[in-house]
Amino acid sequence: MVKIGYIVGSLAADSLNRKLAGVLVAQAPERVQMVEVPMAELPLYDRHLDDDFPQAMADFKAQVADVDGLVVVTPEHNQSYPAPVKNAIDILTRGGSSELKGLKMGLVGASPSRFGTINSQAQLRQFLPTQGVHLMGSPTLAVSVGKDTFDDDGGADPTTTSRAKKYMEAFASFVEA
Ligand SMILES: Cc1cc2nc3c(=O)[nH]c(=O)nc-3n(C[C@H](O)[C@H](O)[C@H](O)COP(=O)(O)O)c2cc1C
């Protein structure tokens, strides 16, 4: 069994990225256990917290340490990744250890724009390897959301469903290798 964690980079209740995460969970191979690592309640990182690391941050780090791979499901804000994602990443590098070192990660996202979240992903791709992260190169998954992409029952259109399935199969193999 492979344990794959995922974080959702949007705090919105009706988040497109949370919908995409649901499709990834549904399409993951049977040998994969998918677990959300919640990050919505994380305090904003401040280096003065290093002296007495908040429990919520320590718990978050422990949950990431416990998975074999991590998928970041993130929106794009102003051609970049949103602040909660950066906060989560910075927290993972502090508190006496870095869970990013050697961590296998995947980047996916959904947005209504034509190119999905490729700028957001490209910027994460630029610096995460400097922190020891092993990023899956391909396939990529940047979903350009239209009115029929997601349905009200947690499903997606056939193309998105198929892409999500292929992505999760590839990520499971990447984590196992
Ligand atoms: C501050 C802000 C900036 C945004 N900038 C972009 C952008 O650069 N590219 C993009 O594709 N979508 C952009 N959007 C639209 C988001 O893709 C859209 O709100 C999407 O629903 C966010 O994902 P979520 O539903 O998971 O929160 C932006 C939205 C906000 C609120």
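Guide: In this predicted model, S1, helix H1 (residues 16-27) and S2 form a β-α-β unit that is right-handed.

Visitor: How many bridges join S1 to strand S2, and how do the two run?

Guide: S1 and S2 (residues 32-36) are joined by 5 bridges and run parallel.

Visitor: Which residue in S3 is the bridge partner of Ile 4?

Guide: The partner of Ile 4 is Gly 69. S1 (residues 2-8) and S3 are parallel, with 5 bridges between them.

Visitor: Where does the chain go from S3, and through which helix?

Guide: Start with the pairing: S3 and strand S4 (residues 104-111) are parallel and share 4 bridges. Val 73 faces Val 108 in S4. Between S3 and S4 the chain passes through helix H3 (residues 83-92), in a β-α-β crossover that is right-handed.

Visitor: How should I read the side chains of a strand, and which way do those of S3 point?

Guide: In a regular strand, side chains alternate between the two faces of the sheet. In S3, Gly 69, Val 71 and Val 73 point one way, while Leu 70 and Val 72 point the other way. All of these residues are buried.

Visitor: Why is S3 described as largely enclosed?

Guide: Buried means under 20% relative accessible area. In S3 (residues 69-73), 5 of the 5 residues are buried, so the strand is largely enclosed by the rest of the structure.

Visitor: How many residues of S1 are buried?

Guide: In S1, 6 of the 7 residues are buried, so S1 is also largely enclosed by the rest of the structure.

Terms used:
Residues numbered from 1 in each chain as written. Predicted model: local features only at pLDDT ≥ 70, side-chain atom pairs only at ≥ 80, totals over all residues. Heavy atoms only, no water. Buried < 20%, exposed > 50% of the residue type's maximum accessible area, 1.4 Å probe, protein only. Pairing = 2+ DSSP bridges. Right-handed = clockwise from strand over helix to strand, strands pointing away.
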